[in-house]
Amino acid sequence: MNTESVTNIPKYSICICNYNMVDTIEEAIDSLISQLDLDYEIIVVDDGSTDSSVENIEELTKRHKMLRLIKLERDGSRMLGETRNISIKEAAGSYVLLHIDADDVWEPYIKDFVAVFHKIEQCKKNDFLLSGQQINMGKRDFLLSHGPYHNIYRGEDNELFHRLASIDAYL
């Protein structure tokens, strides 16, 4: 009898955008991997880096099955907002965690943030984006339908937050 291993579909996708962050990307990823299990995946969307950060991430993907790299060609018309949208579209998880940037080092509280989200989710009738300090979480489908981010470089997050707040979907 031939048995095939079942591929684990993560429940949560952590979305990171990278552009020329070779000095910090490995430490940022390591700080996440050390506190996660197979319920999580980490997606790094590289926006056409010209430094060696892509090579570093590729090496990390060989050691960590939860890590995925999406390489994009550099496009001057694509701003950070659109790169964030790509990360959400590529997410396999039902929930996404955002604004975890390539230069952030994370203390072991990601799972605590997720637990808080789910406690609020049990009480709130509508979908929402929960915003913390440099971390946000929401259902993938909700963000795709009520976003996406506008294709701007700075302020893409605040602009989305204002739109979601206007429909009582931002906490």
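Modeller: A search of the whole structure finds 16 salt bridges, a salt bridge being a side-chain nitrogen of Lys or Arg within 4 Å of a carboxyl oxygen of Asp or Glu. The model is predicted, so local features need pLDDT of at least 70 and side-chain atom pairs count only at pLDDT 80 or more, whereas totals for chains, interfaces and linings use all residues. Side-chain values use heavy atoms, without hydrogens and water, and residues are numbered from 1 along each chain as its sequence is written.

One of the salt bridges joins Lys71 and Glu58, at 2.8 Å from N to O. This pair links distant parts of the chain, 13 residues apart: Lys71 lies in strand S3 and Glu58 in helix H2. Helices (H or I, at least four residues) and strands (E, at least two) are DSSP runs, numbered from the N terminus. Glu58 is partly exposed, at 28% relative accessible area; buried means under 20%, exposed over 50%, and partly exposed in between (1.4 Å probe, protein chains only).

Glu90 and Arg68 form another salt bridge, at 3.8 Å from N to O. Here helix H3, which holds Glu90, is linked to strand S3, which holds Arg68, across 22 residues. Glu90 is partly exposed at 35%, and Arg68 is partly exposed at 28%.

Asp168 and Lys124 also meet, at 3.6 Å from N to O. Asp168 follows helix H6, while Lys124 is in the loop between H4 and strand S5, 44 residues apart. Asp168 is partly exposed at 48%, whereas Lys124 is buried at 19%. Finally, salt bridges that share partners join Glu41, Arg68 and Glu90 into one network.
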